[in-house]
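Open the model in your viewer and show the whole chain as a cartoon. Keep a selection tool at hand for each stop.

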Amino acid sequence: MKRILVFIAVALFAQSGFAQQTEDIVITPGVGVNKLKLGMSIDDALAALEGTPTWHSYTDQLSAFASDGTRIDSVMQFVLGFDTCARYDNTLPANMPVFGLYFKKNKLNFITVTSYSATDEHLKAVKINNGIRFHDAMADCTEKLSKHDYLTIGYGDYSGDHYYYTLGLEMVYDEEKLTAIGIFPVTTQFKKLIAEKSKKLLDEASGYGPDSEK
C-alpha cells in the first residue's frame, strides 16, 4: 500500500484516561483541519498539534517515495515543492490523527491525515466538510465528489490515490476504503505544473528507485 503509511498502533487516550466526547475533526479541502491551517509557520503548525514529530529532509522524502516506484513528478508534495517535512512516525498527535506536514519557506503547504493507528474516537470524529468519513467506500466517495476533476496516481497495480486539484484534496484508498486524506492549496494548474517539472523531478528521483543501489 501507499509508502510510509505503516504505523505502530497507539492507545494514547486509553492510557491518559480520556473520557469526554471528542470534538469533530473537520477537514476543509484547500484550507486545513480544525485549527491547523495551510500557510501556517512551522512554529504555529506544531503548536496546533499535541505531539512530537520527527523531521525529514527533502532528500529523505525523495528516497522514501521513489524507493517503491512512485512517480515523483505526479506527487503533489513534490510538484508544489517543500523544504522540510515533519512526520509523526511513532505516535500521532493527541488531538487529531495528522501524520505528515510539509513546509516550503516556513509555510505549511501539505497536510496528511491518516486512519492508520488512529484511536477509535478520532476515527469517529474525522470527517471532510461534505460528510465523507474514513473507511467510506471509494465508489461512494467518488460519487459524492463527482462534480470535481481529479487525477489518479498509480503505484504499480495500485490506483487508489486521487488528487482533486481544484478542491485541494487528496483521497487515498486501501481495499476500496478511504484510509488517508491530503490537504493542499487549490492547484488548478496541476497538470501544467506536472508537465513543467516532470523532467527535473524524475532526474532527482532516478537514483532512489527500487532498482537503485542507493
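Two residues are in contact when heavy atoms lie within 4.5 Å. This is a predicted model. In the protein chain, 62% of the contacts with a separation of 6 or more are between residues 24 or more positions apart.

Start with the whole chain. Of the 214 residues, 49% are buried.

Now select helix α3, residues 58-66. Which of its residues are buried? They are Gln61, Leu62, Phe65 and Ala66. These residues span an arc of only 120° around the axis, so they sit on the same side of α3. An α-helix has 3.6 residues a turn, so residues three or four places apart point the same way.

Move to the largest nonpolar core, with 37 residues. Show Val33, Leu36, Val98, Leu101, Ile111 and Met171; these have the most contacts inside this core. Elements giving two or more residues include β1 (25-28), β7 (107-114), α6 (138-144) and β12 (177-183). Strand β6 gives the largest share, four residues.

Zoom in on Val33. Beyond its neighbours within four places in sequence, Val33 touches Ile25, Val26, Ile27, Met96, Val98, Ile111, Val113 and Ile183.

Last stop: another core of 26 residues lies apart from the 37-residue one. Select Phe78, Tyr155, Ile194 and Tyr208, which are among its members.

Conventions
Residues numbered from 1 in each chain as written. Predicted model: local features only at pLDDT ≥ 70, side-chain atom pairs only at ≥ 80, totals over all residues. Heavy atoms only, no water. Buried < 20%, exposed > 50% of the residue type's maximum accessible area, 1.4 Å probe, protein only. Arc of directions from axis to C-beta. Core = buried A, V, L, I, M, F, W, Y, C linked by side-chain atoms within 4.5 Å.
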